[in-house]
Amino acid sequence: LMRERILGNWNQQAEVPGEVIVKFTIQRDGRLADVAVERSSGYQALDLTARRAIEITRQLTALPAEYTNPTLTVHLTFKYMR
């Protein structure tokens, strides 16, 4: 569900192929925070587009009660195609 929501705010078509890894934190209430490019594609436009997909999503469902940590850190890979 998380991937579906975020990738719904992202366009994988680009002028050049590339791969970006973005790191972010899901807060207990589902808010997304601390968004940062962990591994750049080498193209600023691709990095920015991937990061913005997470920033636009802003909120997911709350973390499940069974998950006892206050936050969850995620490393999400965005693969761009021509």
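Q: Which residues does Ile54 touch, not counting residues up to four places away in sequence?
A: This is a predicted model, in which local features need pLDDT of at least 70 and side-chain atom pairs count only at pLDDT 80 or more, while totals for chains, interfaces and linings use all residues. Residues are numbered from 1 along each chain as its sequence is written, and side-chain values use heavy atoms, with hydrogens and water left out. Contact means heavy atoms within 4.5 Å; with residues up to four places away in sequence not counted, Ile54 touches Ile6, Val22, Phe24, Leu32, Val35 and Phe78.

Q: Which residues of the largest nonpolar core touch the most other members?
A: A nonpolar core is a set of buried Ala, Val, Leu, Ile, Met, Phe, Trp, Tyr and Cys residues joined through side-chain atoms within 4.5 Å, where buried means under 20% relative accessible area, exposed over 50% and partly exposed in between (1.4 Å probe, protein chains only). Of the 19 residues in the largest such core, those that touch the most other members are Ile6, Phe24, Ile54, Phe78 and Tyr80.

Q: Which elements give two or more residues to this core?
A: Helices (H or I, at least four residues) and strands (E, at least two) are DSSP runs, numbered from the N terminus. On that basis, the elements giving two or more residues to this core are β1, β2 (32–39), α2 (44–57) and β3 (71–80).

Q: How are the planes of the Trp10 and Phe78 rings placed, stacked or edge-to-face?
A: Rings of Phe, Tyr and Trp (its six-membered ring) pair if their centres lie within 6.5 Å, and planes under 30 degrees apart count as stacked, over 60 as edge-to-face and the rest as tilted. A search of the whole structure finds two aromatic pairs. In the pair of Trp10 and Phe78, the ring centres are 5.1 Å apart and the planes stand at 70°, so the arrangement is edge-to-face.

Q: How many residues apart in sequence are the parts that the pair of Trp10 and Tyr80 ties together?
A: Trp10 and Tyr80 are both buried. Because Trp10 lies in the loop between α1 and β1 whereas Tyr80 lies in strand β3, the separation in sequence of the parts tied together is 70 residues.

Q: Is Tyr43 buried or partly exposed?
A: Tyr43 is found in the loop between β2 and α2, and touches Val16 and Pro17, not counting residues up to four places away in sequence. Because its relative accessible area is 42%, Tyr43 is partly exposed.
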